[in-house]
Amino acid sequence: MRHRLGNTGLKVSPVGIGTLTWGRDTTIIEAENIWNTAVQAGINLIDTSPTYGEGSAESTVGTVLETTGTSRSDVVIVTKGGYIPTDARFHYSAAKNAILQSIDRSLEALQTDYIDVFLLARPDPETPFDESLEALSMALRSGVIRYIGVSNFSAWDTAKIHFLAKEFGTKLATVSAEYSLLERGVERELLPGLRRDNIGFIAWSALARGVLTGKYRHTTPPDSRAASPILSGFVEPYLSNEYSAITEAVLAAASGLDVSATTVALAWLTSQPGVSAALVGPRSELQAKQIAEGMQFALPQPIVDALNEVSAPRRGYPETEGL
């Protein structure tokens, strides 16, 4: 099963593999097992960044694709750019030189001649959009990237760069932002706008940083992200009581349907209008198998309705004007 990525001819699986921990917490052997399981399930999308895995994720992805014998034409690689290595990890810039140098470093780390989808990682208030688009247009013309997008941009900035891209003879292929049952903010403005202009959408943190699996209901597993000194702050916002009712609803649905909470959360997300793909970062082969199960599962409509109700985002003026 493949979805077209917005208004492009590129087809992606409804679920993609995120590599936030690859090269740091996830070893090459573990990553190989995860990727092999994903490929067997029909997953062809892998998302990475120069900053993931403390700077080791892209090279780990390149190694895994080589050692597993994955044909380059069978995988869609998404990465982000504008990162400049420094003694203090990374400095982000969307300036022309930073973007072009970032692409060169990613190509080398990934061991590939081209990147399928290259995302501006976030807005850079110091760089005009037209300068960033000039660099991206150059890279598109040279063939080292095939499609462009943005990540973690507001609806307003996304609209600005979408229309400006047309002046450079290109188009915005996709947008990537956080979206799950615990974070539905993109439904207010961003997703409706993307659907209107047929722009792709890749949801990251589809399991709400692992919280929707129910693993944190009673304790914090020692091998979990919440127990990691590096990632605990990433998970903590969703451990408050205001989100517990949503997680409990997912677990109740999973129990009633005799599937995993992962399956329920993913099935809900991949069925949402405008979602091209949902990213999940499995830590083990078993988790990868659960993710594959969720990609194939269809939730009964009464369950979808119940989950929609319990997790409904707050909406008001001006988003609701005209609805």
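Colleague: Leaving aside its neighbours within four places in sequence, with which residues is Glu178 in contact?

Modeller: This is a predicted model, in which local features need pLDDT of at least 70 and side-chain atom pairs count only at pLDDT 80 or more, while totals for chains, interfaces and linings use all residues. Residues are numbered from 1 along each chain as its sequence is written, and side-chain values use heavy atoms, with hydrogens and water left out. Contact means heavy atoms within 4.5 Å. On that basis Glu178 touches Asn152, Glu183, Val186, Trp204, Ser205, Arg209 and Tyr238.

Colleague: Does Glu178 count as buried or exposed?

Modeller: Buried means under 20% relative accessible area, exposed over 50%, partly exposed in between (1.4 Å probe, protein chains only). Glu178 counts as buried because its relative accessibility is 10%.

Colleague: Where does Glu178 lie, and which side chain does its own meet in a polar contact?

Modeller: Strands (E, at least two residues) and helices (H or I, at least four) are DSSP runs, numbered from the N terminus. Glu178 belongs to strand β10, residues 172-178. A polar contact is a pair of N or O atoms within 3.5 Å; within protein, one must be able to donate a hydrogen and the other to accept it, and residues adjacent in sequence count only if both atoms are side-chain atoms. The partner is Arg209, at 2.6 Å.

Colleague: Which elements do the buried residues of α4 pack against?

Modeller: They pack against α3 (96-110), β8 (115-120), β9 (145-151) and α5 (155-167). Among these buried residues are Phe129, Leu133 and Leu136. Gly143, with a positive phi near 90°, follows α4.
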